[in-house]
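Open the model in your viewer and keep the selection panel at hand. The tour goes one stop at a time.

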Amino acid sequence: MKKLALTLALGLATTGMALAQGLSEMDADGTGNLSLTELQAVYPNLNEEGFTAIDANGDGAVDEAELAAAVEAGTLKADG
Ligand SMILES: [Ca+2]
Ligand SMILES: [Ca+2]
């Protein structure tokens, strides 16, 4: 029973965090974060400057929090 509740809670959390397109769907190489190339597959208009702006901690990859912030700020739009 507890396990079912946890599964449901996780499912809801995942749904709540769902963006226009989830990070895992864009993460072609399965690293858990997104490179400029992976983001450009979905957002062809994104250039290196835009990527740097999204990469808040400057580690050269966009993680889930950075992706969510970019979508929320309108930096990334689903229709490019
Ligand atoms: Ca990746
Ligand atoms: Ca980063």
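Among the elements of the chain, which has the lowest mean pLDDT and which the highest? Colour by pLDDT to see. Helix α1, residues 2–17, has the lowest mean, 60. α4 has the highest, 96. This is a predicted model, so keep the colouring on. For the chain, the mean pLDDT is 84, and 75% of residues reach 70 or more.

**Stop 1: helix α5**

Select residues 64–73, helix α5. Pick out Glu66, Leu67 and Ala70; these are its buried residues. Now look down the helix axis. The buried residues of α5 fall within an arc of 100 degrees, so they line one face of the helix. Turn to the other side: Ala65 and Glu72 are exposed there.

**Stop 2: its partners**

**Stop 3: the core**

Select Leu23, Leu34, Leu39, Tyr43, Phe51, Ile54, Val62, Leu67, Ala70 and Leu76. These 10 residues form the largest nonpolar core. Which elements give two or more residues to this core? They are α4 and α5.

**Stop 4: Leu34**

Stay in the core and centre on Leu34. Leaving out residues up to four places away in sequence, Leu34 touches Leu23, Met26, Asp27, Leu39, Ala61, Val62 and Leu67.

**Last stop: after α5**

Go back to α5 and step past its end to Gly74, the residue that follows. Check the backbone: the phi of Gly74 is positive, near 85 degrees.

Definitions and conventions: Residues are numbered from 1 along each chain as its sequence is written. Chains are lettered from A and ligands numbered from 1 in the order in which they are written. This is a predicted model: local features need pLDDT of at least 70, side-chain atom pairs count only at pLDDT 80 or more; totals for chains, interfaces and linings use all residues. A residue is buried if 20 or more other C-beta atoms lie within 10 Å of its own, exposed if 12 or fewer, and partly exposed in between; C-beta atoms are placed from the backbone. Helices (H or I, at least four residues) and strands (E, at least two) are DSSP runs, numbered from the N terminus. The arc is that of the directions from the helix axis to the C-beta atoms. pLDDT is the predictor's confidence in each residue, from 0 to 100. A nonpolar core is a set of buried Ala, Val, Leu, Ile, Met, Phe, Trp, Tyr and Cys residues joined through C-beta atoms within 7 Å. Two residues are in contact if their C-beta atoms, placed from the backbone, lie within 7 Å.
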